[in-house]
Amino acid sequence: FSNLEDAFLSALRNDSIFVAAESQYRSVLEKLPQARAGLLPTVNASYNRTGYDAKVEYEDSQFRDINRQYTVDGWTLSVTQPLFRAANLLQYGRAQLQVEQAGTQLEIARNELMVRFSQAFLDWQKAVHAKNAVETTWRHRDAYAKYVRSRLNLKLVTVPESLDAEAQLKKAQADLLDAEKGLLVKIAALTRIVGARPRAPSFAFKQVPWPELKGTVEQWVERAGDANAQIRYQTFQETMAAKDIQIAKSGHLPSLNLVAGTSKTFNSGSTSIVDGAAANSQYVTNVGIQVEIPIYSGGAVNSRTSEAVALRDKALADLNNARS
């Protein structure tokens, strides 16, 4: 990578934590079409074919026993269009909030990745500089040790001086080994985020202009709160919790549907005495309004409402905590 921007783009594609967050975001996107489906018509079709081998024995002697084999087959097509379902309407609004919240959650994951990437990059740079410094020290110690050895042969230095130079060289070698191991650890940490082993000793930095400061400190604090992804996430959470209360209460409301259907049934025969041998087809078409009125559900609606109220209170407390 030639610059930090390319490296960070690679991190967006390869960091497992962010990739998981992105997958989670894509899954939440499907909540919207799922909720929309509750407002759209449903169409069902069925077909059946049944063979019968029937035997009828009559107690009255004036009727003959019946032994017949016949088939019945038919198809049915039905359409149901919701006209009023409060829970479905509210659920669709909640799904929209979920999608917006998921986008904020993805933004939080991106910001966290930026922090982890920056920390790993700085740790790598620090380890590179530390290794270079230790390597320079080792070279100096090595040169000095060689110099002392040559003078020791000429009896120009004492044995203690020679032992001290050797000890310093061994310490420098140990420090260099530790620095190389530390560098490998930092390279591995950065590679795990970026997806590739860094090669260049440093990246090119772009000059970023400072934003122009306008307004009072209070205005800047307010803007920071509005722009904070964590606060926006908790705001969506509190709004959805309030929507859940409405959804739970809607369990007491009636629902209204438009239903329509058509069907055909063919009988090759029957066990009827009069017309049992006559094949016939039946065609039925129906259109109507279906009203469902909930009367009693064992207290489940009230319980779900109480649960939703408690979760709304928790979401409100979490929002206040994020703002503080």
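Tutor: What follows is a set of questions on a predicted model, each answered by setting a value against its cut-off.

Student: Why is H1 called oblique to H2?

Tutor: H1 and helix H2 (residues 16-29) pack at an angle of about 60°, with their axes 6 Å apart. Roughly parallel requires an angle under 35 degrees and roughly perpendicular one of 65 to 115, so H1 is oblique to H2. The contact is made by Leu-12, Arg-13 and Asn-14 on the H1 side and by Ser-16, Phe-18 and Val-19 on the H2 side, and these residues divide into three nonpolar, two polar and one charged.

Student: How do you know that the length of H4 agrees with its number of residues?

Tutor: With 68 residues at 1.5 Å a residue, H4 should span 100 Å, and because its end C-alpha atoms lie 99 Å apart, the two values agree. H4 is followed by Lys-155, which has a positive phi, near 65°.

Student: What makes Asn-267 buried?

Tutor: Its relative accessible area is 15%, and buried means under 20%, so Asn-267 counts as buried. Asn-267 is found in strand E3 (residues 255-267) and, leaving aside neighbours within four places in sequence, is in contact with Thr-71, Val-72, Ala-278, Ala-279, Asn-280 and Gln-282.

Student: Which elements give two or more residues to the largest nonpolar core?

Tutor: That core has 19 residues, and those with the most contacts inside it include Phe-18, Leu-113 and Trp-124. Helix H1 (4-14), helix H4 (86-153) and helix H5 (159-194) each give two or more residues, with the largest share, nine residues, coming from H4.

Notes:
Residues are numbered from 1 along each chain as its sequence is written. This is a predicted model: local features need pLDDT of at least 70, side-chain atom pairs count only at pLDDT 80 or more; totals for chains, interfaces and linings use all residues. Side-chain values use heavy atoms; hydrogens and water are left out. A nonpolar core is a set of buried Ala, Val, Leu, Ile, Met, Phe, Trp, Tyr and Cys residues joined through side-chain atoms within 4.5 Å. Buried means under 20% relative accessible area, exposed over 50%, partly exposed in between (1.4 Å probe, protein chains only). Helices (H or I, at least four residues) and strands (E, at least two) are DSSP runs, numbered from the N terminus. Axes are lines fitted to C-alpha atoms, for helices over the stretch in contact, and angles run from 0 to 180 degrees between N-to-C directions. Angles under 35 degrees count as roughly parallel, over 145 as roughly antiparallel, 65 to 115 as roughly perpendicular and the rest as oblique. Contact means heavy atoms within 4.5 Å. Ala, Val, Leu, Ile, Met, Phe, Trp, Tyr, Cys and Pro count as nonpolar, Asp, Glu, Lys and Arg as charged, and the others, Gly among them, as polar. The expected span of a helix is 1.5 Å times one less than its number of residues.
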